Amino acid sequence: MKKLIIVFCVLFLLQFNEAHLEPLLLDSITPYFIIRTQSGLNANNISTWVWNSGVFNQDLRTTNTSGFQWPKGSGKFAIYTAGLTIGAYINNNLRLAAISYNGEYGPGYIVSGVALEDSTFKVYKVNKGDNSSNNSDYANWGRMVPYGAPYLDVNNNGVYDAGIDKPGVQNAAQTIFECITDGFPDLHSTSEGFYGGTLPLYSEMHLTAWCYDNINGLSDVQFLKMEILNKSDYNWEKTYFGIVCDPDLGDSHDDFTGCDSNRNLGYCYNADNMDGNGIGATYGANPPAVGYDFLRSAVNKHVFPNVELRMSSFHFYQKESQPSPPCENEILNSPVESYNYLTGAKKDLTPFINPLTMHSTKFVYSGDPETDEGWTQHKGKINNCGGALSGPFDTAYAGEIRFVMSSGADNLTIFPNEKQTFVIAQMIARGTSNLNSVTKLKQLDDYVQTVYDNNFAIGIRPISNDVPDKFSLFQNYPNPFNPSTKIKFEIAKSDFVNLTVFDLSGKVVEQLVNEKLNEGIYEVNFTAKNISSGIYFYRLSTDNFTQTNRMILVK
């Protein structure tokens, strides 16, 4: 009751004195503490964790423990921790919403510049096959739909209907969702890991994490979507978003990093072809490469035309105990150093220098490790600090390295209530050598990008580049079938498409397609699960076309 009275008073003051009061000063009268919790994302070959503070990959169960395990159940890990940090200026004062090792977020939401929480806000998780009887998160999913929790709109009415619509990302084996905010000042700390400790940005993050099982090519990939809203009353100026990652690839003392700016890809790989001795947590010969892709990044919406900023920088920084110049190691003194890293510079704003060209760059180790083209880590680096544009050459060495891959710009302003949406893939690949693993990772990334570009049309396969002159639904084949059959259809123009299987009573058996598709010829596979032999119907619907065909299941 006391807390409700305080919140009421805060909202009253905001209404009458909004122009003169900083949100932090009001919110600081309601101390807030959270108990860190996590939920596992482990339906495919990767097993990892998502925290209620926005951290992903680190394992809360024990202190100082990596969480990105691959292959699942092997006891071998590739990433210690990661998170998406924001740095921006409000009224010329730097603020961070940091997520790296602890996270400055907590479960909750923001109303009129005030961060609020209740027991509804937590980590939600649904699995394929769940229902409201066996999973309370499934039953209560509708509480989070107003905050961006994804669902399959079975009846296509644009409204979440409990008991009809399906919680989670369509076709995903697991979906995790949480609504969190950095608006609780007590959660901001200089010991966050990427420093932190500033006043809040009053960011509200709607975080969705999901993965697929039994989908060709995606067994070693997980996805994260982060909708980030500026819920303060002030512009965020000079805004940068950055994935801060501490990769520990097996034996963490022999890691290299690199990036592919054309692919928006940052990664970690082993310095040589033997990671440890292959026993315990080490990968041994031919170790894998692990990395991230900005499938969707920050967009500058206040220039014409709008500019997608993509990956604006990638670079490493070193653990304090590693042999490195002071401007390249961990942040120990100031959030300004963290912000400088987010912009693509060293922590004292010195630019990184490509030793092959002696030009400054924001993309460190951007060459190709396997072909040996361009600047890779084994070719060394320039040890320059203090603003110098040159310095002594340093030969390559491996170690406990971290990296920051950012998307932002000095002219990126985020207005109050503006939303920025990020879609990130984290993935791992193993080739015939440590260097070939990077090549395999890039190939996997190309496929993942195609999946994203096709709006995650999982299971829907375009089978021709021809543009049909009409909408058509073909007879399934084989027919009769047991247990799988293929359904082919043609889309004459880009439209929202629904393909649904019904039984004789008209009850929905499975929704195969429920999304916008470009014009083309498609094929989708239907596997009859937990249904008996008999006659079934499948119907293709768009805004201007409907056709229903019959098929026979014989078991």
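Biologist: Which residue in β35 is the bridge partner of F496?

Modeller: Happy to start there, keeping in mind that this is a predicted model. Strand β34 covers residues 495-502 and pairs with β35 in the antiparallel sense, over eight bridges. Within β35, the bridge partner of F496 is K516.

Biologist: Thanks! Which strands stand at the edges of that open sheet?

Modeller: The sheet has four strands with antiparallel pairing, in the order β35-β34-β37-β38. Two of them each have a single partner strand, so one side of each is left without a neighbour in the sheet. The edge strands are β35 (508-517) and β38 (546-553).

Biologist: Let's move to the cysteines. Which two does a disulfide join?

Modeller: A disulfide is a covalent bond between the sulfur atoms of two cysteines. The count in this model comes to one disulfide, with an S to S distance of 2.0 Å. About the S-S bond the angle is -80 degrees, and the link is left-handed. The pair is C327 and C385.

Biologist: How many residues apart in sequence are the parts that this pair ties together?

Modeller: C327 lies in the loop between β24 (313-318) and α4 (335-343). C385 sits in the loop between β27 (381-382) and β28 (393-394). C327 is buried, at 3% relative accessible area, whereas C385 is partly exposed, at 25%. The pair therefore ties together parts whose separation in sequence is 58 residues.

Biologist: C259 is in no disulfide, so how far away is the nearest cysteine sulfur?

Modeller: C259 is buried, with a relative accessible area of 0%. Its nearest cysteine sulfur belongs to C268, which is also buried at 0%. The C268 sulfur has its own closest cysteine sulfur in C245, at 7.5 Å, too far for a bond. For C259, the distance to the sulfur of C268 is 13 Å.

How values were computed:
Residues numbered from 1 in each chain as written. Predicted model: local features only at pLDDT ≥ 70, side-chain atom pairs only at ≥ 80, totals over all residues. Heavy atoms only, no water. Disulfide = S-S within 2.5 Å. Helix = DSSP H or I, 4+ residues; strand = E, 2+ residues; numbered from the N terminus. Buried < 20%, exposed > 50% of the residue type's maximum accessible area, 1.4 Å probe, protein only. Pairing = 2+ DSSP bridges.
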